[in-house]
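Open the model in your viewer and keep the selection panel at hand. The stops below say what to select and what to look for there.

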Amino acid sequence: MLRLILFGAPGSGKGTQSALLVQRYNLIHLSTGDLLRLAIQANTEQGLFAKSFMDAGRLVPDHVVNQIVLEQLKTTLHGKSFILDGFPRTLAQAEMLDAFLLAENQSLSKVFDLKVPESSLVDRLTGRLTCQVCGTLYHASRFGSQPLVCAKDGQPLLKRPDDSMEAVTNRLSVFNQQTAPLKEYYAQKGLLTPVSGEGTPDEVFKRISDVLDGLLKTQ
Ligand code: AP5
Ligand code: MG
């Protein structure tokens, strides 16, 4: 059983690596950002509440995020191997997760900390394009004057509303102030594994999968 957290700044590659991990290790991927965007699309009460925080690049309050994640932990993730992408981001969220796992007699396997210099993060985020149908991620630089459509299904690619320069600047500062301190929390538990997020997605994936393959051998 693998219970993983992918920790990293906005644009560090959490979503990109999660997609590769899901294919190789048969994990369930839970991205709180994706769940919140789905709630916005579906016009739910939670989505309407979260939208202004997300568009501004601020954290959605803990009670809303914890409620969404707890529901998933009790249903889709129950008894399964999983990867949490973008959760937890605050001490209150980490404590909720710990309390849940303790009550279920479960524990985390690893927390990967994806490390990417800030200048690359800004470039990755302001150039990011996402397929509105299958969610595949791209960077604008690969298209030149070609049409912005998904290589997998030909659907149009969209820019996320929080990938404007202003929102990206806020997200990076929120990460440094409110989320980065969690690294110490997981380091003290002996769970934190720093991984360079530079190089191609496949190179980054090799670094992560080498650690996971070693871990699985000992299970
Ligand atoms: P969320 O959707 O989680 O956004 P984020 O954390 O800011 O991270 P991103 O999704 O932007 O980046 P990523 O690390 O997934 O990188 P990606 O793989 O896409 O959260 C959005 C908002 O929701 C938050 O701001 C907050 O408001 C709210 N929220 C979510 N969770 C919350 C929580 N727990 N508590 C409170 N609020 C919460 O890659 C980015 C780009 O780089 C892509 O273009 C990709 O193609 C490219 N790329 C990826 N890897 C590489 C590589 N190795 N080399 C070159 N380019 C690469
Ligand atoms: Mg993401």
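Start with strands E2 (residues 28-31) and E3, which run parallel and are joined by four bridges. Helices and strands here are DSSP runs, numbered from the N terminus, with at least four residues (H or I) for a helix and at least two (E) for a strand. Two strands count as paired if DSSP finds at least two bridges between them. Select His29 to see one such position: His29 stands opposite Ile83 in E3.

This is a predicted model, in which local features need pLDDT of at least 70 and side-chain atom pairs count only at pLDDT 80 or more, while totals for chains, interfaces and linings use all residues. Residues are numbered from 1 along each chain as its sequence is written, chains are lettered from A and ligands numbered from 1 in the order in which they are written, and side-chain values use heavy atoms, with hydrogens and water left out.

**Strand E3**

Now show the side chains of E3 itself. Phe82 and Leu84 point one way, Ile83 and Asp85 point the other way, and all are buried. Buried means under 20% relative accessible area, exposed means over 50%, and partly exposed lies in between (1.4 Å probe, protein chains only).

Follow the chain out of E3 to Pro88, in the loop between E3 (82-85) and helix H5 (91-103). The peptide bond from Phe87 to Pro88 is cis, with omega near -5°.

**Two asparagines in loops**

Most residues other than glycine have a negative phi, and most peptide bonds are trans. Asn43, in the loop between H2 and H3, has a positive phi near 60°. Its relative accessibility is 55%, so Asn43 counts as exposed. Asn105 is in the loop between H5 and strand E4 (110-115). Asn105 also has a positive phi, of about 60°, and at 72% relative accessibility Asn105 counts as exposed.

**Helix H3**

Which residues of H3 are buried? They are Gly47, Ala50, Phe53 and Met54. Seen down the axis of H3, these buried residues fall within an arc of 130°, so they line one face of the helix; the arc is that of the directions from the helix axis to the C-beta atoms. An α-helix has 3.6 residues a turn, so residues three or four places apart point the same way.

**Ligand 1**

Select ligand 1 and the residues near it, where near means that a heavy atom of the residue lies within 4 Å. The shell has 33 residues, and the closest are Thr16, Arg58, Arg89, Arg128 and Arg171. Colour the shell by class: 12 residues are nonpolar, 12 polar and nine charged. In this scheme Ala, Val, Leu, Ile, Met, Phe, Trp, Tyr, Cys and Pro are nonpolar, Asp, Glu, Lys and Arg are charged, and the others, Gly among them, are polar.

Helix H1 (14-25), helix H2 (32-41), helix H6 (118-126) and strand E6 (137-139) each supply at least two residues of the shell. H2 gives the most, with four.

Taken alone, ligand 1 exposes 1,000 Å², and the protein buries 92% of that; the areas come from the Shrake-Rupley method with a 1.4 Å probe, and for residues only the protein chains shown count as cover.

**Ser18**

Finish in helix H1 at Ser18. At 0% relative accessibility, Ser18 counts as buried. The Ser18 side chain reaches the backbone oxygen of Lys14 at 2.7 Å.

Terms used
A polar contact is a pair of N or O atoms within 3.5 Å; within protein, one must be able to donate a hydrogen and the other to accept it, and residues adjacent in sequence count only if both atoms are side-chain atoms.
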